[in-house]
Amino acid sequence: MRNIILGLFLPLLLTTPALADMNIVATLPWIGSLAREIGGDQVTVTTLVKPNQDPHFLEAKPSMIIAARKADMIIYNGLDLEIGYLPIVLESARNPKIVPGKPGNFDCSRFVHVIEKPTAVDRSMGDIHPLGNPHYHFSPANVLRVAQGMADVLADLDRTHVDFYRQNFKGFAAKVEAHRKQWESVNLKGKEFVAYHRNFEYLAAEFGFRIVDYIEPKPGIPPSASHIENLIEDMKSDKPIGILVTPGYGLKESESLSARTGAKVVILPQDVGAMPGTDDWFAFMDTVLAALR
Amino acid sequence: MRTRIIAAAVFMAAFMPFSVCRAAEELESRLNQLDAELGSQGEIIREQQKTIEGLRAELTKQKEQETPAQEAATPVTKAGGVSGFFGGSALTNPNISLVLDTFAHTSDLKDDELESRGIPGFTTSGLEQQNGFNLRAAELFIFAPVDPYFNLYVNLPVTEDGIELEEAYAVTTALPEGLQAKGGKFKSNFSRLNAQHPHTWDFYDIALPYRAFLGDEGLGGEKGVQLTWLPAWPVYTQFGAEALQGENDLLFGADAANGPHAFSLFVKASVDTTDNSTLYFGPSVLFGKTKTENIVDGAELDGESALYGLEAVWKWKPQPRQGLTLQGEYLYLDQDGDLTDAETGDVESLCRRQDGFYVQGIYQLNRWRFGARYDALELLADSFKRAGEKENLGETPWRATGSVEFNPSEFTRIRLQYNHDESGRDDRSNDEAILQFLFGIGAHAAHTF
C-alpha cells in the first residue's frame, strides 16, 4: 500500500518545474505573447485563457488556481476585464508573491492611456466596463508602454538578468517600429465601420478610422429586432464600409446584418491565436490590419 | 612651480571662449532639434486629444440617448474622485452586495401538509415553502481585506423573521506553502452543495440527500476553524480539515457534547479533460457526536454519526455562452446511538446505515439554462434498526426535477421549476411548481468553480 501511495505522489513532486526560470502566469494570450518577447528563455509562461475563449464570460477553474499557486508573477489585462475569475484565482492560490500590492501582481493597464472612461455608470447600462475600455491590446502605442513596464518589473524581480530583459525590450521596441510602417501603410483615415462589441476603439483611435454604430445596444446585451431595424436605417444613410466582429462573439448577427445592408463583414481575431496565423502579437496585429485593408 | 600654474591658467583662458563657443553652437542645434521634435509630438498629442474628445462627446451623446431616466437619478461623480459615504476613500468601505431571493409556489398539497412533510426514517422537519408568494431572503454580503494578512467575509440573510448571521469568518492570505486557515462561522467544505449559498444553487431547493441528512440548507454556517493545503503539484489537489461546534440540529446538535464535537476531512482534485472541459471530484467525511429530536417523532437520539460524501462535477464550455454541467454526489450515513422516548423515557438502540444520491445536468445556451435532476435515498443502504430490528419504512423516497431559466443579465435570474416529489413515503406525491426571481446588486464576487 505504501509503495502505491509513494508511486502516485513521487512523480508529482519530481515534475515541479526547474527553479532557474521565472514562472509567469498570463491571463490572456496576447499578454502571454508579450511576456515571452520580454522574458525570453528566462521565463516559463502559462496562459490561463485560451485564444478561442471570450474573457468576458470565463469562470475560475481549479487549473488556473494551481497555475497561480506556483507563479512568481501574474500578469493581467486589468480594467475589470478579468473580474469574473481573477479575484477568486488570486484569493484561492495562497501565493503571497502575487497578491495585489506585490511586484509579482502586474496589472498591464497601469501603463495604458485608457479611453472611454465613463463618468457615471450603473448596471442599467449593461455590462459596461466602469474603468474604461479594456481592449487596448489592439494599440501598438499602449502595448509598447506595457512591454516597457513589464521589462522593468522582470528586471526588478530577477536581478541576475537585468540587462537581458532591458535588451529584449529594446529589441521589441525596434520590432514594433519596423512593423508600424507596414501597419500604417493601410490607409484607414476617416473610414467608417459598424462593430458588434466595443472591442476595437483603441484600434480606431490609433489608426484614424471611426466606429459609427454598434450591433449590441448595450455591452453584453444582445440586439432586439427593433434595434436591428433602426441600425439598418442608420446604416443606409451612414454607409459604413464594414462590420467589425470577432469569430466567437456576434458573428451570426453580423452576417445577417451584412446580408441586409451590403456592408461587408470584417472578421478580426479577438486575441493572439484566435485565428490561423496569429501565433504572436505581431502576427496578430498583421492579421488585424490586413483584414481592414 | 608658480609659473607653470600661471602658464596653464593662461592657456586655459585662451581656449575657454573657443570651447564655450562650440558648446553653445552644439547646444543651439540640439535645442532646435528638440524644438522640432516637440512640435511634431505636440501635433500628435493634439491629434490624439481631438480623437479622445470626439470619442468622449460621442459617448455622452450615446448615453443621453440610451438612458435618460437613469442618468438623471445617478449622481455624477467627478472623474477620479472616488469617495465613500462619509467622504472617505474606497479603502474605508468594504464591498457590499445584496441578493434578493423571492418566489411563487404552487403545490397540490395544502400548506399544513407541506409543513408536516418530513422523510420518515431521516427527518421530521417539513417543507418551508407555502402556496403563493414567498420571500426566502435578501442576502447581504460584506467582504474586504482586513490587512495584508486577513480577508473578512460576512453573510447576513435578512428574512421576514429578522437578520441571521449565517457566516462571518476571516481567512489568512499570507501563510506559506499553500496553507490557508479560516476561522469564525462559515459553511463547511464537506461535499459540494454545503458551501454554496442558496442563490447559487442550480435549482430552487437543495438535493434530497442533503435535506435528509443535514436539513434544508445543508450543514449551514457552523462556528469553528478550517485548515486547507494546496500543494504546488501539477494537478490541483486540495486537502482540508475542520473542527466545528456541531450545532446542526439534524446531524449533530448543540447539546451533544461540550465544546467542538463535529469534524470534517476532505480532498478536492481537478483536471482539465480538454481545453474547454474540466472535471472536479473528491471524497469527504463529516463526523461527530449527535443529540437530536428531529430524526424520530417524539424521541431523542444520543449517539455518534459519520457522513461520507463523494462529489463529481464535469463542466464543458465550448462557446462563451454555451455549456453543459453534469454533477452528482453520493452521501452515506453511519449512525449509532440511544433513542429515548420523550413520554415514557424508554431507551432503545438506533443503528442507521442509509445513503442517498443525486445526479443533475444543466445545459446553457445564451441567456437560457435548462436543468434536470434526479435524487433518491436508500440506493445501496437502507438499514434503519430500532432495538436491533430492521424497520420497514415504506417506499424508497425519490424526486425528479426539471427547470428552465431565463437570465436577462448576469445579475438577474428567472427560474421556473417543477418537482415531482415522492419522498413522503405516504402514497401522496408533492407535485409543485416554483417561479423564482433572483436579483443581485452591488459588488459582484467571482464565483468559485
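The largest nonpolar core of this predicted model has 78 residues, and those with the most contacts inside it are Leu34(A), Ile38(A), Ala68(A), Ile75(A) and Met150(A). Here a nonpolar core is a set of buried Ala, Val, Leu, Ile, Met, Phe, Trp, Tyr and Cys residues joined through C-beta atoms within 7 Å; a residue is buried if 20 or more other C-beta atoms lie within 10 Å of its own, exposed if 12 or fewer, and partly exposed in between, with C-beta atoms placed from the backbone. The core lies between domain 1 (10-182) and domain 2 (187-292) of chain A, because both give residues to it. Leu34(A) touches Val143(A), Val146(A), Ala147(A), Met150(A) and Trp281(A), leaving aside residues up to four places away in sequence; contact requires C-beta atoms, placed from the backbone, to lie within 7 Å. A second, separate core of 28 residues includes Leu219(B), Leu244(B), Leu333(B) and Leu377(B).

As for numbering, residues count from 1 along each chain as its sequence is written, while chains are lettered from A and ligands numbered from 1 in the order in which they are written. Local features need pLDDT of at least 70 and side-chain atom pairs count only at pLDDT 80 or more, whereas totals for chains, interfaces and linings use all residues.

The two domains of chain A, whose bounds come from an automatic or database domain assignment, have centres separated by 26 Å, taken over C-alpha atoms. Their contact takes 26 residues from domain 1 of chain A and 24 residues from domain 2 of chain A. On the side of domain 1 that touches domain 2, helix H2 (29-39), helix H5 (140-157) and helix H6 (162-184) of chain A each supply at least two residues. Helices (H or I, at least four residues) and strands (E, at least two) are DSSP runs, numbered from the N terminus. The residues on that side of domain 1 divide into 13 nonpolar, 9 polar and 4 charged, where Ala, Val, Leu, Ile, Met, Phe, Trp, Tyr, Cys and Pro count as nonpolar, Asp, Glu, Lys and Arg as charged, and the others, Gly among them, as polar.

Next come the sheets of chain A. An open sheet of 4 strands has the order S2-S1-S3-S4 with parallel pairing; two strands pair if DSSP finds at least two bridges between them. Strand S2 (43-47) and strand S4 (105-107) stand at the edges, each with a single partner strand, so one side of each is left without a neighbour in the sheet. Strand S3 (residues 73-76) is joined to S4(A) by 3 bridges, and Tyr76(A) stands opposite Asp107(A).

Another open sheet of chain A has 4 strands in the order S6-S5-S7-S8, again with parallel pairing. Its edge strands are S6 (210-214) and S8 (264-267), each pairing on one side only. Strand S5 (residues 192-195) runs parallel to S6(A) over 4 bridges, with Val194(A) opposite Asp213(A). Helix H8 (residues 225-238) packs on this sheet, touching S5 and S6 of chain A, and its direction makes about 155 degrees with that of S6(A). Angles run from 0 to 180 degrees between N-to-C directions, and axes are lines fitted to C-alpha atoms, for helices over the stretch in contact.

In chain B, strand S2 (residues 132-147) and strand S3 (residues 150-159) run antiparallel, joined by 9 bridges, and form a hairpin with 2 residues between them. Leu140(B) has Leu156(B) as its bridge partner.

How values were computed:
Two residues are in contact if their C-beta atoms, placed from the backbone, lie within 7 Å.
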